[in-house]
Each structure stands twice: as structure tokens, then as C-alpha cells.
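Colleague: I'd like to learn how to read a model like this one. Could you take me through it, one feature at a time?

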Amino acid sequence: MLSGINTDIEHGGKTYHVQTEDGGEQNPVIVTHLFAGGAILSSQRVSYGDVIKAGPNPDAVRELMKQQHQTMIKSLSSKDAAGAAVQPEAPPRAEAPPPTATLPKGRRSLDDVIDEYLQSHRGHRS
């Protein structure tokens, strides 16, 4: 697993963060996220399993990571004909499924437990 690439970009009066990570040989995927204010605005995920079929090739993977990282940066800083910034498209939001049953009194849903955990660990890095 190669170390990630991180870049902060000032654009249109806002600070954006671009992060590219390698999943490693066991999960040969390169993932790039575009963040603003901690929220993911755009993501790109590309498999490189075909690149390592003949064996590990860290130089080729690093080059793929750099290219994907730069592509995300260019998508942020590209402008349309009128000169307005073209913002990356936010990933679609999944609609919450309708509730199927009421939990017994005192029980919490898995969503509630996860939300509580995330809120208690927000701002903490491991």
C-alpha cells in the first residue's frame, strides 16, 4: 500500500481538499475524494488489478495515483465559457428506506448507534 496524496486548493474563496489513497495489493483500487468543509463533494474509484497481474509495480501505481489526483484538481479548477467555476457533482444521496418496525422501548436503531459513535469521534484521528 502506497502512501496517499493530499492537496489543499483555494478556489472561488473556498478551501477544498483532494485526497487520493491506494487500497494495496489485496484491494487494488485507487480512491480520490474532493472535500469541502469535511463533506465529500466528489469521488473517483478506479481498479488497477490489471496493472499488478504480473506482480507488484509500485511505480506504475504511484503514476496512476498522481494522474487521478491531478484529474480531480483539474475538474475543480476548470471553468465554463462564462468563466464560472464548474463545481464537481455531488454524489447522489440515498433516500432513507421507510421504517419497517418500531423498536421496543429503550432500544436504538443501528443508524442511531452509528450516528452517536461518529459524533463522539468527530475531530479525533487515530
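Colleague: Let's start with V113: how exposed is V113?

Modeller: V113 has a relative accessible area of 34%, so it counts as partly exposed. Keep in mind that this is a predicted model, where local features need pLDDT of at least 70 and side-chain atom pairs count only at pLDDT 80 or more, while totals for chains, interfaces and linings use all residues. Residues are numbered from 1 along each chain as its sequence is written, and side-chain values use heavy atoms, without hydrogens and water.

Colleague: Which helix holds V113?

Modeller: Helices (H or I, at least four residues) and strands (E, at least two) are DSSP runs, numbered from the N terminus. V113 sits in helix α2, residues 110-121. Together with L110, I114, Y117 and L118, V113 makes up a nonpolar surface patch.

Colleague: Now the sheet. What is the order of the strands?

Modeller: Strands pair if DSSP finds at least two bridges between them. Here four strands make an open, antiparallel sheet in the order β1-β2-β3-β4. β1 (5-11) and β4 (39-47) each have a single partner strand, so one side of each lacks a neighbour in the sheet.

Colleague: Where do the side chains of β3 point?

Modeller: In a regular strand, side chains alternate between the two faces of the sheet. In β3, V29, V31, H33 and F35 point one way, while I30, T32, L34 and A36 point the other.

Colleague: Is β3 enclosed or open, and why?

Modeller: Eight of its eight residues are buried, so β3 is largely enclosed by the rest of the structure.

Colleague: What about the turns: which residues take a positive phi?

Modeller: The hairpin of β3 and β4 has two residues between the strands, and G37 in the turn has a positive phi of about 60°. In the hairpin of β2 and β3, six residues separate the strands, and G24 has a positive phi near 90°.

Note on methods:
Patch = residues over 30% accessible without salt bridge, like charges linked within 9 Å, V, L, I, M, F, W, Y side chains within 5 Å. Areas by Shrake-Rupley, 256 points an atom, 1.4 Å probe, with all protein chains shown as cover. Salt bridge = Lys/Arg side-chain N within 4 Å of Asp/Glu carboxyl O. Buried < 20%, exposed > 50% of the residue type's maximum accessible area, 1.4 Å probe, protein only.
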